[in-house]
Amino acid sequence: MVPYNRQAETTKEINGKPIACFGAGTENIDTVTVASFGDEWLKFDAFSAEEIKNAGDQYFDIVSSKMLNSSSKVLDLGCGSGRWTKYMADKAGFIEAVDPSEAVFSAAAVYGDLPNVRFSQAGVDTIPFADESFDFVISLGVLHHIPDTAKALATLMKKVKTGGFALIYLYYALDNRGFLYRLIFNLSTLIRRVVSALPKGLKHFVCDLLAIFIYLPFVGLSKLVKALIPGKMYMKIPLAYYRDKSWNIIRNDALDRFGTPLEQRFSKQQITDMLELAGMHNFQFSEGEPYWHVVAQKK
């Protein structure tokens, strides 16, 4: 494990193991969004081994054994439910799994028996490790929920060793999509602004309804188009990404999409520019969904 560079504010015991709590920070954070994700991951706190492998294979399709291997010290920032930590556990040397929300305690309860993993509660502004501590850093689906994503990326990339690697996933700005797709998406954004402001119980209920009446019809349409039309026309259907996903994943992502107060989106060029400013190079964007996930190396 990587030594903490300061003392924890408090500790919390989960299944007999202490979880160090360093606070979520106050500068570059939206506390309502953090609380929303805490609720989300407490609701969706367990994924099957098959769900984790299938999703992980999509995100890690551009990660080589040079980047992540049995000698790698890894930081998983915004670990949430711990599923990416679980995915990497048999591939990495040691993983420091960090999240600012209450979800980290649920993750520790589910995956606390992994011998090469330690969970800590901290935000991007309170990462309790020295700069240049990690061979490999990941943050998947997290930093676009932070007020200043560029600043958060710069802070996080400081933790990567010179020559080390980072795997980042940020919501895309639909820069590879057509007009109709963008129009449908913009309508869904209006729905998100209303749903995300609802009380927790009602929000969860409404998001389940959206999963049934929005996600499933588009998923069914994409499957039909794939069966009837040769080629990749089906990929133009909104939510076609979920055509092979479980109901559990669809419900979770519906809550993630419509229940989150703060969401930002970035083009491939914007992501490249932010990572360059953070001292990274050798970018490799995946051509597969989810868009955009990218690996980069520390200069």
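The following legends describe close-up views of a predicted model.

**Figure 1**
The protein is divided into domain 1, made of residues 10-172 together with 265-298, and domain 2, made of residues 179-259. Taken over C-alpha atoms, the centres of domain 1 and domain 2 are separated by 24 Å. In the contact between them, 19 residues of domain 1 meet 19 residues of domain 2.

The structure holds 14 aromatic pairs, one of which is formed by Y215 and F258. The two ring centres lie 6.3 Å apart and the ring planes stand at 75 degrees, so this pair is edge-to-face. Y215 belongs to helix α7 (residues 200-228) and F258 to helix α8 (residues 247-259), so the pair ties together parts that are 43 residues apart in sequence. Both Y215 and F258 are buried. The ring of F258 also has a charged neighbour: the charged end of R257 sits over this ring, 5.6 Å from its centre.

The side chains of R251 and D208 form a salt bridge, with an N to O distance of 3.0 Å. D208 counts as buried because its relative accessibility is 18%, and buried means under 20%.

Side chains of opposite charge can pair when their charged atoms come close. A search of the whole structure finds 14 salt bridges, including the one in which the side chains of K159 and D131 meet at 2.8 Å, N to O. K159 lies in the loop between α5 (149-157) and β7 (160-169), and D131 in the loop between β5 (117-121) and β6 (134-140), so the pair ties together parts that are 28 residues apart in sequence. K159 is buried, with a relative accessible area of 9%, whereas D131 counts as partly exposed at 43% relative accessibility.

**Figure 1. A buried salt bridge, R177 with E289.**
R177 and E289 form a salt bridge in which the closest N and O atoms are 3.4 Å apart. R177 is found in the loop between β7 and α6 (179-195), and E289 in the loop between β8 (280-285) and β9 (293-298), so the pair ties together parts that are 112 residues apart in sequence. Both R177 and E289 are buried.

**Figure 2. A ring cluster and a charge over a ring.**
Y4, F22, F129 and F134 are linked into a cluster by ring pairs. Elsewhere, the charged end of K12 sits over the ring of F105, at 4.3 Å from the ring centre.

The structure holds 0 disulfides. For C79, the nearest cysteine sulfur is that of C21, at a distance of 12 Å. A disulfide requires two cysteine sulfur atoms within 2.5 Å, so C79 is in no disulfide. C79 counts as buried at 2% relative accessibility, and C207 counts as buried at 1%.

Notes: Residues are numbered from 1 along each chain as its sequence is written. This is a predicted model: local features need pLDDT of at least 70, side-chain atom pairs count only at pLDDT 80 or more; totals for chains, interfaces and linings use all residues. Side-chain values use heavy atoms; hydrogens and water are left out. Buried means under 20% relative accessible area, exposed over 50%, partly exposed in between (1.4 Å probe, protein chains only). Rings of Phe, Tyr and Trp (its six-membered ring) pair if their centres lie within 6.5 Å; planes under 30 degrees apart count as stacked, over 60 as edge-to-face and the rest as tilted. Helices (H or I, at least four residues) and strands (E, at least two) are DSSP runs, numbered from the N terminus. A charge sits over a ring if NZ of Lys or CZ of Arg is within 6 Å of the ring centre and within 35 degrees of the ring normal. A salt bridge is a side-chain nitrogen of Lys or Arg within 4 Å of a carboxyl oxygen of Asp or Glu. Domain bounds come from an automatic or database domain assignment. Contact means heavy atoms within 4.5 Å.
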